[in-house]
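Please walk me through this model in the viewer. Tell me what to select at each stop and what is there.

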Amino acid sequence: MTTTLPDLDSDLDEAAETEETERLIAAYRKMRRVDRFRIARQASPAVRDVLAEVEYAMALERSPGSMAVTLTGGMEMQAPHLALIDQLFQRMARGESVKALITMPPRHGKQVADSELVLTTEGWKQHGDLRVGDYVYAPTGKPVQVEWVSEPSDEKVRVTFSDGESVLVHPNHEWTVYDRSPRTWRTVETRYLATQKLHSGPQGRRGGRYRFQLPPVEPLQNPDADLPVDPYTLGVWLGDGTTGKASFCGTQEDVDHISARIPYELGARWVHPDTGVHYQYIKHFRAPLRAAGVLDHKHIPQGYLVASERQRRALLAGLVDTDGSLGRDGRIRFVSASEELARNVRDLARTLGYRTNLTWRGPDTRERSIWGGHPLNGGSCWVVDWTPHDGLPQGTLPRKAVRCPAKTKRRIGFATIEPAAPEPGRCIQVEGSLYLVGRALVPTHNSQRAARWAPLWYMARHPDHRVMIASYGADLAVEHSRWIRDAINAYGHQIGIALHAGSKAAHRFDLADPITGNRHKGGLVAAGVGGGLTGKGAHLCIVDDPIKDAADAESPTLRRNLWSWWTAVINTRLEPTGSILVIQTRWHEQDLAGRLLEGEDSDDWIKVDLPAICDSEDDPLGRPLGAALWPARFGRRTLAKFRRAVGERVWWSLYQQKPRPLEGGVWQWPWITDHRIGPVAFRGVDLSRVVVAVDHAGGGDDVNDETGLIAAGRTTDGHLYVLADKSKRMGADTWGEKACRLALDVDADAIVVEANFGGDMAKQIIIQAWTKLVTDGQTKGRLMPAIIEVTAKKGKRLRAEPIAQLYAQGLVHHVGEHPRLEGQLVTWIPGMDSPDRMDAAVHALTELADPAAVSTGTGSYTDQRLNGRR
């Protein structure tokens with residue numbers, strides 16, 4: 001029987017048997033989208049509910065991106081380049097054997113205000129002071145490296161948590177949260193949270209709940225540190241020590257117990273005649289206290305907050321043994337008259353994974369009160385309290401070393417999200433996804449997508465297939481697989497798969513039928529590059545970010561090891577009809593992608609090159625030249641900030657997927673370093689000419705670059721000297737004055753300015769700037785230098801190569817070091833946009849160069865291009 005469009009609704013209404021219903025639904029699935037929508041509009045409410053469930057199931061099956069958008073309620077975003085990845089996985093799911101290599105820019109982090117504190121392995125730093133190579137902490141407690149830092153932008157949302165702490169972030173900042181409504185973990189943006197009801201039930205009372213909650217934080221993991229004072233002894237002294245002396249006090253019983261644990265030679269003990277308090281002196285202890293910086297200033301030095309867990313627990317035990325107490329409710333309370341020390345203790349407890357509170361308590365004047373407070377503050381004091389959810393004793397004194405039953409640690413919730421005065425902030429990218437920010441060690445996010453939703457979708461379509469995930473490190477690979485495992489727990493009943501009861505490890509798990517519990521043949525295994533991927537072969541292998549950073553990429557040994565692992569492990573584990581996907585950013589011309597593209601089977605690979613800015617007419621997405629990869633989120637202005645932040649070589653490698661050698665094709669490091677001259681030696685150099693060259697930011701692009709501002713000089717024997725690099729981002733109202741001031745500083749006879757952009761405007765800017773300096777009396781009677789306008793008629797390579805030849809001949813000397821200029825010189829390759837510092841240097845040196853100095857070069861240099869300057 002053929003089902004027609006008009007009678008499908010009535011057939012579904014009348015269908016009583018399951019088989020007949022399934023047949024009609026199968027017919028509905030095959031219809032065009034417009035026909036399905038027409039049926040749904042005309043259907044009865046009961047049938048419309050059935051069709052809604054069918055549409056939901058179809059959305060989950062359609063593609064990884066469609067599944068992500070559907071399950072997250074639109075929180076996951078789709079984009080053309082992500083749709084391209086979806087298409088590859090759709091081909092794999094249909095049974096095609098696909099080898100695909102995707103090169104694309106790195107994941108983008110989310111901005112946090114510069115002023116927010118972040119705990120690093122070196123102690124607290126402001127978020128804005130983080131640099132590539134610093135180590136911050138993941139919620140697992142492990143240090144993770146900062147891989148990238150952006151230019152600043154404005155952060156304007158204040159997020160306050162249920163423990164009273166807050167952070168200032170961008171509306172797009174992402175969080176991994178537990179959503180109590182669907183009872184699942186989600187990744188959401190701040191702007192989404194701001195539209196939701198954050199709390200249910202009575203506020204601040206039993207029965208009230210925060211809907212969105214942060215992941216738990218484990219104790220920070222560090223090796224033992226070389227500390228100036230034994231941590232337990234320091235804790236004792238900070239709690240009950242005399243601020244300017246090497247002694248501590250307490251009852252006789254407590255002092256006896258503590259003295260037996262102190263690894264220092266004890267001195268005299270004195271008993272106060274009125275109070276009976278025992279004071280115990282420690283020999284030769286003032287010097288260690290002074291070395292730690294705590295003598296006469298009680299506080300916990302930063303080095304102790306990033307010491308090993310064992311050392312931090314010893315420090316906390318000393319503090320609890322002296323100024324702490326254990327309540328009947330199992331909570332620890334630390335009391336101090338010093339706000340600074342109380343906050344330090346709160347931070348210390350947080351590094352051990354405890355959820356802490358800090359309160360100010362006034363004096364309790366009740367006659368029988370045992371809470372006297374601190375006498376130095378009139379009975380008032382600061383109180384830090386926490387519950388040891390892990391059940392571990394917090395002190396060593398018998399009454400404080402009680403092991404309490406382990407408890408479930410309550411998560412910290414989102415209390416309020418409010419607009420705030422804008423502050424500068426930056427994105428950072430770290431290994432993995434989450435890192436801790438703020439004194440409360442709040443887990444925050446940097447995003448990634450392709451290595452998670454895609455394999456989840458594939459396994460839902462093929463539960464009998466094995467999937468392998470590999471990355472540069474086991475931690476990152478396991479983080480991907482843990483996310484997929486947790487997603488199966490959360491969404492399994494919707495996508496039709498479950499975890500098998502006997503195999504649920506984060507790095508390796510098997511699948512099962514969610515209804516019967518019967519084991520499927522499929523599952524997932526994850527490992528780092530170089531690690532083993534033992535077991536059954538894989539139908540799908542995903543290699544995500546096989547190279548960690550530039551240091552690994554520059555190492556021939558690590559590149560060789562990566563290739564050996566690829567050939568010996570990955571190639572041997574893939575099923576004959578299996579598919580493989582490599583997703584990476586390009587670090588080096590001989591990285592894994594480079595080797596694959598040079599291999600004998602390179603024609604078997606589908607190559608998807610997705611630069612941040614389109615630079616080819618053969619773009620996979622059909623973008624016009626100059627178009628951004630994801631303009632809705634990272635437009636050209638944002639990408640221009642990234643470019644300035646990372647530098648030209650990193651930009652072309654990681655963002656444009658065109659890695660360059662460390663030394664460019666025109667300049668070489670020895671040409672600069674072998675002929676560098678120091679300021680002292682330069683005193684004996686007699687310059688015959690000095691010029692200042694300006695390559696100002698301008699042009700038709702919607703994003704302007706730096707203004708190049710270089711001073712250079714020449715001696716009568718034809719040697720050239722680079723004197724100063726004052727380049728920076730400057731507007732027209734600034735660079736004219738800066739150029740004139742530099743000309744005064746170096747006694748320049750001419751200012752060379754490029755006239756390609758703005759015509760006579762550049763000359764007028766300099767004249768106006770000089771006139772103002774004359775009016776202000778700052779020229780001291782000096783005549784204005786000549787203004788030499790040049791027009792770049794030749795290509796960048798033709799302008800640069802004659803000057804590079806002068807460097808090669810040892811005729812150009814840098815006076816001191818000019819790191820950013822020199823970095824641009826040695827990484828520039830013809831075909832790249834020439835940076836403004838380099839252009840300004842070429843203008844200055846071309847003006848000063850003797851055309852005869854390069855007449856002995858190869859034929860390609862004998863076209864008199866230095867005559868007439870451009």
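**Aromatic stops and a covered strand**

Select Phe161, Trp175 and Phe414: these three residues make up one aromatic cluster. Keep in mind that the model is predicted.

Now colour every Phe, Tyr and Trp. The model holds 12 aromatic pairs. For one of them, pick Trp566 and Trp605. Zoom out to see what the pair links. Trp566 belongs to helix H17 (residues 556-573), while Trp605 sits in the loop between helix H18 (592-598) and strand S31 (606-609). The two are 39 residues apart, and the pair links distant parts of the chain.

Next, show the charges over rings. Select Arg595 and Trp563: the charged end of Arg595 sits over the Trp563 ring, 4.4 Å from the ring centre. Then move to Tyr232. Arg261 lies over its face, 5.2 Å from the ring centre.

Last stop: strand S14, residues 247-250. Side chains in a regular strand alternate between the two faces of the sheet. On one side of S14 are Ser247 and Cys249; on the other are Phe248 and Gly250. All four are buried, so both faces are covered. Finish on Cys249, which stands opposite Tyr279 in S16.

Terms used:
Residues are numbered from 1 along each chain as its sequence is written. This is a predicted model: local features need pLDDT of at least 70, side-chain atom pairs count only at pLDDT 80 or more; totals for chains, interfaces and linings use all residues. Side-chain values use heavy atoms; hydrogens and water are left out. Buried means under 20% relative accessible area, exposed over 50%, partly exposed in between (1.4 Å probe, protein chains only). Two strands pair if DSSP finds at least two bridges between them. Rings of Phe, Tyr and Trp (its six-membered ring) pair if their centres lie within 6.5 Å; planes under 30 degrees apart count as stacked, over 60 as edge-to-face and the rest as tilted. A charge sits over a ring if NZ of Lys or CZ of Arg is within 6 Å of the ring centre and within 35 degrees of the ring normal.
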